[in-house]
Amino acid sequence: MEAWIPPSHPRRESLLVRERLVEGFREGFVAMQGLIAHGRGECFDYLIGEQTTPPALEAERAAAAALLLAERPVISVNGNAAALAPRELVELAKTVGAKLEVNLFYRSRERELLIAEILRRNGAAEVLGVGDDASCTIPELFSERRRVSCRGIYAADVVLVPLEDGDRTEALRRMGKTVIAVDLNPLSRTSRAATITIVDNITRALPNMAKFAEELKGRPRDELSALAGGFDNDRNLREVLRYIGRRLEELAGRGIRLELPKA
Ligand code: PTJ
């Protein structure tokens, strides 16, 4: 049962998003650890002002170009992503011609099936990575994330990994793949190991990427290559850190006291 949140609550949107995860946990497709991961994400979202920053926009554009250029793009879906942006995942996959694959850190057959069903309900024609389909192995990886579809992540040249763990990002990079991460924490190992890291909330990042993909579709390949290849992840992450630093300095300078209505 979803908690009732007053329409006038100043943090209504954020609380509604939280409810989606709690509901996903109750339904059995969000991992308990996913609730903790969401709290960490919320904290970093506060630091960037809960809006897409200029460096994130640049990363979203480069990521859209990389997905359009890819020969075998795959979007990896875990419990949190399925709870927060199921329709957006399917829409982006359709726009860039990517496959969708369920890939879980805390893997269970029940969660795989539930997430695949959610994606199908949101318009996915095919969902990889369920049951025996996840029969290929990412070398040098020991978590359940190592099991992938031979037709999906294993064969992919570009993989989008929203809310990923660092180990798999590094392993996918070692396999020579372009890894696009969506992670609100610019300091995580995932963020630092990915080819393109989008430091933005998945709820904003996916629609932005789909919009850029629509815009860039049909542009010459060398223009897309310049956009994707010219992206410097380390420089972009440093810009994010500077953005947060400047923002906190500015807030500290002008004060953050809440004006309370008189009783
Ligand atoms: O569904 P499973 O079994 O695959 O498990 C999923 C989780 C998220 C539990 C698993 O991948 C995990 O433990 O992830 P981590 O290592 O906690 O990393 C999650 C990262 O996502 C953290 O750096 C968070 O800051 C970030 N994050 C959390 N919520 C969001 C987010 N990034 C973007 N948008 C969010 N809404």
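By class, the lining of the second largest pocket divides into 7 nonpolar, 1 polar and 3 charged residues. Keep in mind as you look around that this is a predicted model.

Now turn to the largest pocket. Of the 43 residues that line it, A37, H38, G41, N80 and L163 are the closest to its centre. Here α2 provides the largest share of the lining, 10 residues. At least two lining residues also come from each of α1 (12-27), α4, α8 (189-193) and α9 (202-216).

| Pocket | Space |
|---|---|
| Largest pocket | About 980 Å³ |
| Second largest pocket | About 290 Å³ |

Where does the ligand sit? The ligand sits in the largest pocket. It is surrounded by 23 residues, and the closest are F105, Y106, R111, R145 and D183. This shell has 8 nonpolar, 9 polar and 6 charged residues. The largest share of the shell, 6 residues, comes from α2 (32-47).

Polar backbone atoms also come into view around the ligand. One of Y106 is 2.9 Å from a ligand oxygen atom, and one of L163 is 3.3 Å from a ligand oxygen atom. A nitrogen atom of the ligand is 3.0 Å from a polar backbone atom of I202. Taken alone, the ligand exposes 750 Å², and the protein buries 94% of that.

Terms used. Residues numbered from 1 in each chain as written. Predicted model: local features only at pLDDT ≥ 70, side-chain atom pairs only at ≥ 80, totals over all residues. Heavy atoms only, no water. Near = heavy atom within 4 Å. Polar contact = N/O pair within 3.5 Å; in protein donor to acceptor, adjacent residues only side chain to side chain. Areas by Shrake-Rupley, 256 points an atom, 1.4 Å probe, with all protein chains shown as cover. 1 Å grid on protein atoms, 1.4 Å probe; cavity = no way out; pocket = protein on both sides within 12 Å on 5 of 7 lines; lining within 4 Å. Sits in = over half its atoms within 2 Å of the grid points. Helix = DSSP H or I, 4+ residues; strand = E, 2+ residues; numbered from the N terminus. Nonpolar A, V, L, I, M, F, W, Y, C, P; charged D, E, K, R; others polar. Points joined across faces, edges and corners; volume = space filled by probe spheres on them.
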